[in-house]
Amino acid sequence: MTRALVLYAHPCDDSFAAALHQNVVQTLTDRGWDVDDCDLYKEGFDPVLSDAGRRGYHEEPSNIEPVKDYVERLRACDALILCFPVWNFGYPAILKGFFDRIFLPGVSFKLIDGKVVPNLTHIKKLAAITTYGGTRVRATLAGDPPRMSVKRAVWHVTRPTKMRYLALYDMNRATEAKRAAYIAKVRKEMKDL
Amino acid sequence: MRALVVYCHPRKTSFTGAVRDVVVQKLEGVGADVRVLDLYARGFDPVLTAAEHEGYEACPDNCAPVESDVADIRWCDALIFIYPTWWYGLPAVLKGWLDRVFLPDVAFLMPDGENTTIRPGLQHITRLGVFTTCGASWWLTQFVGAPGKRTILRGIGVLCAKPVKKVFAAHYLMDSSTDKSRKKHLTRVAGKMDRLVGVPQRQAGPV
């Protein structure tokens, strides 16, 4: 059975992001996947890499001790699904901190002769479901940092056989119909992932 | 010149701290008023709360939780970020500072009856600087598209004055850095600062 880790980052239950999250979890569960639903806000995840955390960052394996549970959840999954809004052309801080603190040396990558070698290759499927306040043109002019981060940086350490980056741009002006169409698209993509 | 330096590193003895010292020294050298925000030392909480999200567009109450930061942003005409690049991007603490402080009516103006799109709100800022360190190589950073650099130089750059003067310097492959490479980088930072803020005018002495 495929085990999916869903990383969800939005503070409000009545947000569009919450609706997307709910549809993602539902669709994956319906197709028989074992879903580990990680709601970073609800779990009170602390995104701040501390002084001690930074000092011990490269010390394997003791670097994982403060965040062992999250590391185990990441190691146990075959599919990684990121569900978040884009804020200021980046991940919400709570999700950015997940990368800072959990995607450690010895977890997400190994440094061999100074080179980054991918170490999450058990993750065969990678998907991001997101929304932008700005238009696609504005995001592209800014280099679309979150798209690049998922499709290049996270891809680099996971090397999935299937990857999807789903985005609804220009959220502030999206009509009901446009939002509903996006939810339908997300459901279909999650069914086919 | 009024310069706001946003500094983000957990360790007091880090190389990033040495970069900050060069930057502040250069600013003081040209007689700028300088404010330094040390986000870790302050224990800045980067997590935008549900209450803040609900009141996000309710100006001016949306500024209340981060009032002093908003005042600093409105005060400055030069904005400089100094941080280590983690996971090709900003440390969560710095990313959260943007999430919580770059609010509607501060960093940008939301669409209204007359305007259909988001408009820039930082047009008083004429100078923008980014100084960082990267564990990855230059090549790997380019492959990933340098998301941290772009979040600031392009994402924030577009909100600033037109034109805005921008400088950027990074020390790559930080984990295999040497005394020599670090020293060279500090010299580079000093040179970039001269470009950003100018060099002190020599006082004309009596003839």
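Tyr88(B) is buried, with 26 other C-beta atoms within 10 Å; a residue counts as buried at 20 or more such atoms, exposed at 12 or fewer, and partly exposed in between, with C-beta atoms placed from the backbone. The model is predicted, so local features need pLDDT of at least 70 and side-chain atom pairs count only at pLDDT 80 or more, while totals for chains, interfaces and linings use all residues. Residues are numbered from 1 along each chain as its sequence is written, and chains are lettered from A and ligands numbered from 1 in the order in which they are written.

Tyr88(B) has a positive phi, near 65°, and is not a glycine. Tyr88(B) sits in the loop between strand E3 (78-85) and helix H5 (92-101) of chain B. Helices (H or I, at least four residues) and strands (E, at least two) are DSSP runs, numbered from the N terminus. Asp105(B), also not a glycine, has a positive phi of about 80°. Asp105(B) belongs to the loop between H5 and strand E4 (108-109) of chain B, and Asp105(B) is partly exposed, with 15 other C-beta atoms within 10 Å. Most residues other than glycine have a negative phi, and most peptide bonds are trans.

Two cis peptide bonds can be described next. One joins Glu60(A) and Pro61(A), with omega about 0°; Pro61(A) is in the loop between helix H2 (51-55) and helix H3 (68-76) of chain A. Another runs from Lys162(B) to Pro163(B), with omega near 0°. Pro163(B) is in the loop between helix H7 (147-156) and strand E7 (165-171) of chain B.

The sheet of chain A comes next. Five strands form an open sheet in the order E2-E1-E3-E6-E7 (chain A), with parallel pairing; two strands pair if DSSP finds at least two bridges between them. Strand E2 (34-39) and strand E7 (162-168) of chain A are at the edges, and each has a single partner strand, so one side of each has no neighbour in the sheet. Neighbouring strands of this sheet are turned by 10° against each other on average, direction ignored. Within the sheet, strand E1 (residues 3-8) and strand E3 (residues 79-85) of chain A run parallel and are joined by five bridges. Tyr8(A) stands opposite Cys83(A) of E3(A).

Leaving out residues up to four places away in sequence, Cys83(A) touches Val6(A), Leu7(A), Tyr8(A), Ala17(A), Leu20(A), His21(A), Val24(A) and Ile129(A); contact requires C-beta atoms, placed from the backbone, within 7 Å. The largest nonpolar core has 116 residues, and those with the most contacts inside it are Val6(A), Leu7(A), Val24(A), Leu40(A) and Cys83(A). Such a core is a set of buried Ala, Val, Leu, Ile, Met, Phe, Trp, Tyr and Cys residues joined through C-beta atoms within 7 Å.

Chain B has an open sheet of five strands in the order E2-E1-E3-E6-E7, with parallel pairing. Strand E2 (33-38) and E7 of chain B stand at the edges with a single partner strand each, so one side of each is left without a neighbour in the sheet. The twist averages 15° from one strand to the next. E3(B) pairs in the parallel sense with strand E6 (residues 127-134) of chain B over eight bridges, and the bridge partner of Ile82(B) in E6(B) is Phe131(B).

Helices lie against this sheet. Helix H1 (residues 15-29) of chain B lies across strand E1 (2-7), E2, E3 and E6 of chain B, at about 165° to E3(B). Helix H8 (residues 179-197) of chain B touches E3, E6 and E7 of chain B, and its direction makes about 180° with that of E7(B). Axes are lines fitted to C-alpha atoms, for helices over the stretch in contact, and angles run from 0 to 180 degrees between N-to-C directions.

What does each chain bring to the contact between them? The contact takes 36 residues from chain B and 36 residues from chain A. On the side of chain B that touches chain A, helix H3 (50-54), H5, helix H6 (138-144) and H7 of chain B each supply at least two residues. H5(B) gives the most to this side, with six residues. The residues of this side divide into 22 nonpolar, eight polar and six charged. Ala, Val, Leu, Ile, Met, Phe, Trp, Tyr, Cys and Pro count as nonpolar, Asp, Glu, Lys and Arg as charged, and the others, Gly among them, as polar.

Conventions. Contact = placed C-beta atoms within 7 Å.
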